[in-house]
Amino acid sequence: MNYRIAVIKGDGIGPEIVNEAIRVLDRVAEQYGHTFEYREILMGGASIDVYGVPLTDEALEVAKSSDAVLMGAIGGDTNTSPWYQLPPSLRPEAALLRIRKELGLFANIRPAYLYEELKQACPLRDEIIGMGFDMVVMRELTGGLYFGERGTERREDGTRVSHDSLVYDENEIRRIAIRGFDVAMKRRKKVTSVDKANVLDSSRLWRAVVNEVAADYPEVELEHMLVDNCAMQLVRDPKQFDVILTENMFGDILSDEASMVTGSIGMLSSASLNEGKLGLYEPSHGSAPDIAGQDKANPIATILSAAMLLRYSFDLDREADAVEAAVKQVLKDGYRTVDIMSPGCTLVGTAEMGRQILERIER
Ligand code: IPM
Ligand code: MG
C-alpha cells in the first residue's frame, strides 16, 4: 500500500527526533512492503523564520490531503526567542491550535505507562508504584477555553479586564466520550470522567452527556471525579486509572502530570484524531531548545508516535506491534539516552538510539 505522511519537523529537537522516526518507518516499509511518501511542511518557529507566519494555508492543505501527520515539536524558549515578541496569533503555538481545529482533531490520546525497565526513573515511592500503572488520558482538543471567545479591554475607569470563555455543546462532549468508551473497551474497561461539576455549568453538561453515553457501554465501569481530586489521585494512587476522559484545559494539565509520574516523559507519545482516519502524531514532550542539535534527545516518544500512526491512521497493527516490541527490546538490552540513563546501562545519542531500534524491527 502507498501512504502519504505530512511531516512537520518543527523546532528545537524536533528535526532530530523526527528523522529517527522516519528511519524506523522506512524500515517498516521495507520489511512489510509498504510505500510511505513523506511531504515535509513547515510549522511553528521554523515557518515564522521563512514565511513570517507559523502555518501557511499551503502547508495546511498538504496536511489535510495526507493520510496522517507526523510531528516533532514546535516552539522555543518563551523568555528569549524572538518568536514570542510577535502578537499571540503569530506565535508558534497558534499554528498548533489552528491545525487541530482545521483538521478536526478533537480526540487526543496520551498514554502514560510505566516501563518496567525504567522503574527507577519513576518519582513515586515503590509501594505506590506497586505492579506499575498504565493509563491513557483522553483529552477533548478542539473546544472549551482554548477556542472560546476571548478578549482584553479597558473599562471606562481605565482598568484592564480580560475574559476567556469556556463553551461546550453536547455534541462535542458526546463524540469525545464515545471515543473514550471505545478505547476503554479495548483496555481494562474503566472510564474516569474528570470535571469541575461542583462549580462549572459546562462540567455539569459534561457529566450528564457522559452518563448518557455510558448507557451504551454496560461493560464499562464509569466514575466521575473532580479535577482537583484527580490531580491528587494521580500521585497518590495512579494504578486506579485506566481511561481518564476530560475536557481540553483539564486534559492539558492532567496529561503533563500523568506523564511526569511515569518518570519518562521522553517515552510518551500522543495521537490527535478526527472523526475519520486522519491523525496528527507527536511526542508528549516539547521542543527542548536547550539540547537542540546535540544528539542528546530521546527519540523514543516520536518513534512510538509513529507506531500509533501505523495503528490508528493506517490500521497496520502488526507493524505497530513490531515497532513497540523493538523499543521494548532496546530497553531490555540496556540502551539509554541521557534522560533515562541509569548505572550499568549503555549511554547512546539520538541517532544511535534510532539505529538500535530499527535494527530490531522484525517481520
Ligand atoms: C500540549 C501543549 C499545547 C496545549 C500548547 C503548546 C498550546 O501544551 O499539546 O499539551 O496546551 O495544548
Ligand atoms: Mg500541554
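Q: Which residues in α1 meet which residues in α10?
A: In this predicted model, I17, V18, E20, A21, V24, L25 and V28 of α1 meet T302, I303, A306 and L310 of α10. By class, the residues of this contact divide into nine nonpolar, one polar and one charged.

Q: What makes α1 oblique to α10?
A: Helix α1, residues 14–32, packs against helix α10, residues 300–312, at an angle of about 45 degrees, and their axes are 8 Å apart. An angle under 35 degrees would count as roughly parallel, and one of 65 to 115 degrees as roughly perpendicular, so a value that falls between these ranges is called oblique. That makes α1 oblique to α10, and α1 passes α10 in a right-handed crossing.

Q: How do the residues of the contact of α6 with α7 divide by class?
A: On the α6 side the contact is made by E170, I173, R174, I176, A177, I178 and F181, which meet L205, W206, V209, V210, E212, V213 and A214 in α7. These residues divide into 11 nonpolar, no polar and three charged.

Q: What makes α3 oblique to α4?
A: Helix α3 (residues 57–64) and helix α4 (residues 92–102) have axes that come within 11 Å and cross at roughly 45 degrees. That angle makes α3 oblique to α4, and the contact is made by D57, L60, A63 and K64 of α3 together with R98, I99 and E102 of α4. By class, this contact has three nonpolar, no polar and four charged residues.

Q: How do you know that Y146 has a polar side-chain atom in polar contact with ligand 1?
A: A polar side-chain atom of Y146 lies 2.6 Å from an oxygen atom of ligand 1, and a pair of N or O atoms counts as a polar contact if it is within 3.5 Å. The distance for D252 is 3.0 Å, again from a polar side-chain atom to an oxygen atom of ligand 1, while for an N or O atom in the side chain of R110 it is 2.8 Å.

Q: Which residues surround ligand 1?
A: Ligand 1 is surrounded by E93, R100, R110, R139, Y146 and D252.

How values were computed
Residues are numbered from 1 along each chain as its sequence is written. Chains are lettered from A and ligands numbered from 1 in the order in which they are written. This is a predicted model: local features need pLDDT of at least 70, side-chain atom pairs count only at pLDDT 80 or more; totals for chains, interfaces and linings use all residues. Side-chain values use heavy atoms; hydrogens and water are left out. Contact means heavy atoms within 4.5 Å. Helices (H or I, at least four residues) and strands (E, at least two) are DSSP runs, numbered from the N terminus. Ala, Val, Leu, Ile, Met, Phe, Trp, Tyr, Cys and Pro count as nonpolar, Asp, Glu, Lys and Arg as charged, and the others, Gly among them, as polar. A residue is near a molecule or strand if one of its heavy atoms lies within 4 Å of it. A polar contact is a pair of N or O atoms within 3.5 Å; within protein, one must be able to donate a hydrogen and the other to accept it, and residues adjacent in sequence count only if both atoms are side-chain atoms. Axes are lines fitted to C-alpha atoms, for helices over the stretch in contact, and angles run from 0 to 180 degrees between N-to-C directions. Angles under 35 degrees count as roughly parallel, over 145 as roughly antiparallel, 65 to 115 as roughly perpendicular and the rest as oblique. A crossing is left-handed if the near helix is turned anticlockwise from the far one by less than a right angle, and right-handed if clockwise.
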